[in-house]
Every structure is written in structure tokens, then in C-alpha cells.
Amino acid sequence: LKDGGKAAQANVRIGDVVLSIDGINAQGMTHLEAQNKIKGCTGSLNMTLQRASAAPKPEPVPVQKPTKKTHCGALYRVLSCTHSQ
């Protein structure tokens, strides 16, 4: 989108999904076909858009590795003992 361009003036935002162009379903169109339909318009253009989500992205949560020693050896002995007779 260009600052001050037609799309910006029409409040089209990055991430919006074009559902129809002048009443024609855009679902089966390639990007180039949709682009050509929009650019080829000489008068007014009617588009149905699905607004991009305005929900903020969740902040990443830092994960710390445990610093305590694990008891893997004890666990291994218990598992080993269950198999011996």
C-alpha cells in the first residue's frame, strides 16, 4: 500500500482479505487476476474485504531451564529393578 494511495484513502489495510471485486467472488482468482481486475477499473470500484485481525500478538514468554539436578539415576534403578527377579 502506498501512503496517500487509493487503497489507503479507502481505508484498506495490510492483511485485509479481498472477498469480492465488483460483486465477483475472488476466492478462485489468482493474485494476478484480482490485481488486474482492481487496476482495470476506470470508475468506482466495490470490494468486499475481510478485515485483518486487530488482536495483538501474544508476547513471547521466556522459558528457563531447571537448574536443580534431576534424579535420573534413581529412576533408572527403579525401572531396572522392576525387570529383575
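Three strands form an open sheet in the order β2-β1-β3, with antiparallel pairing. Strands here are DSSP runs of E with at least two residues, helices are runs of H or I with at least four, and both are numbered from the N terminus; two strands pair if DSSP finds at least two bridges between them. Because β2 (24-25) and β3 stand at the edges with a single partner strand each, one side of each has no neighbour in the sheet. Strand β1 (residues 17-21) is joined to β2 by 2 bridges, and serine 20 stands opposite asparagine 25 in β2.

This is a predicted model, in which local features need pLDDT of at least 70 and side-chain atom pairs count only at pLDDT 80 or more, while totals for chains, interfaces and linings use all residues. Residues are numbered from 1 along each chain as its sequence is written, and side-chain values use heavy atoms, leaving out hydrogens and water.

Now step back to the whole protein. It has 3 helices and 3 strands, following the pattern α-β-β-α-β-α along the sequence. Of its 85 residues, 9% are buried (under 20% relative accessible area, with a 1.4 Å probe and protein chains only). Among contacts (heavy atoms within 4.5 Å) with a separation of 6 or more, 56% are between residues 24 or more positions apart.

Methods: Buried means under 20% relative accessible area, exposed over 50%, partly exposed in between (1.4 Å probe, protein chains only).
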